[in-house]
Amino acid sequence: MTAPMTATRTSIVVRVPLKRAYQQWARIEDLPKFITPLRNVRRIDGCQFSYSWHANGDEYRGVLQILLQIPGRRIAWRALSNALMSGVVSFEPHSEQATEVTVKIRSVFDLPNLSVKLKEYLGNFKRLAESEDVTK
């Protein structure tokens, strides 16, 4: 029997223009820069990526599929190798120089832990996006 799915949603305002926030997240291979347990993200084809995930001393491998990508607005994904997680990240202009980033996750992981981790990863994303060299 599989564990029941839970869902959580978290938002953060990043002090960068919408285009820059979106482009930072859309570099899927760079996700480990702010989602720290994620490692070795490699493009398989146009919408699939292999990855490894390190948690509690164990390593898990999987395949992530991008289901929907609306430039400057939204990216939706799901894990293909298991039914553990799916999600969507949305980008809304907060001002000309700030963007609200909202992540919604559906997962079998326990909700309190997932919510804490999601806030941590969004905080990491904010620090990365606000400090990244614009020329990249």
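In what sense do β5 and strand β6 pair, and over how many bridges? They run antiparallel, with five bridges between β5 and β6 (residues 85-95); strands pair here if DSSP finds at least two bridges between them. Before going on, keep in mind that this is a predicted model, where local features need pLDDT of at least 70, side-chain atom pairs count only at pLDDT 80 or more, and totals for chains, interfaces and linings use all residues. Residues are numbered from 1 along each chain as its sequence is written, and side-chain values use heavy atoms, with hydrogens and water left out.

Let's stay with the strands for a moment. Strands (E, at least two residues) and helices (H or I, at least four) are DSSP runs, numbered from the N terminus. In β6, S86 is the bridge partner of R78. On its other pairing, β5 meets β4 in the antiparallel sense over six bridges, and I75 in β5 stands opposite Q69. β4 and β5 make a hairpin with three residues between them, and G72 in that turn has a positive phi of about 80°. Another positive phi turns up at N40, near 50°, in a residue other than glycine. N40 sits in strand β2 (residues 38-43) and, at 39% relative accessibility, counts as partly exposed. The cut-offs are under 20% relative accessible area for buried and over 50% for exposed, with partly exposed in between (1.4 Å probe, protein chains only).

Nonpolar side chains tend to be buried together in soluble globular proteins. Here the largest nonpolar core has 32 residues, and W25, V89, F91, V101 and V103 have the most contacts inside it. α2 gives the most to this core, with seven residues. A nonpolar core means a set of buried Ala, Val, Leu, Ile, Met, Phe, Trp, Tyr and Cys residues joined through side-chain atoms within 4.5 Å.

Take F91, which lies in strand β6. F91 counts as buried because its relative accessibility is 0%. Leaving out residues up to four places away in sequence, F91 touches L18, A21, Y22, W25, G72, R73, R74, T99, E100 and V101; contact means heavy atoms within 4.5 Å.

Beyond four places in sequence, S107 is in contact with P4, M5, T6, L84, M85 and L114.

M85 leads us on to the largest pocket: along with I35, W53, F109 and Y121, M85 lies nearest the pocket centre, among 32 lining residues. A pocket is an open set of points on a 1 Å grid over the protein atoms alone, where a 1.4 Å probe fits and protein lies on both sides within 12 Å along at least five of seven lines; lining residues have an atom within 4 Å of a point. This pocket holds about 830 Å³ of space, the volume being that filled by probe spheres set on the points, with grid points joined across faces, edges and corners. At least two lining residues each come from β3 (48-55), β4 (58-70), β5 (74-79), β7 (98-107) and α2 (111-131), and α2 supplies the largest share, six residues. The lining divides into 25 nonpolar, four polar and three charged residues, where Ala, Val, Leu, Ile, Met, Phe, Trp, Tyr, Cys and Pro count as nonpolar, Asp, Glu, Lys and Arg as charged, and the others, Gly among them, as polar.
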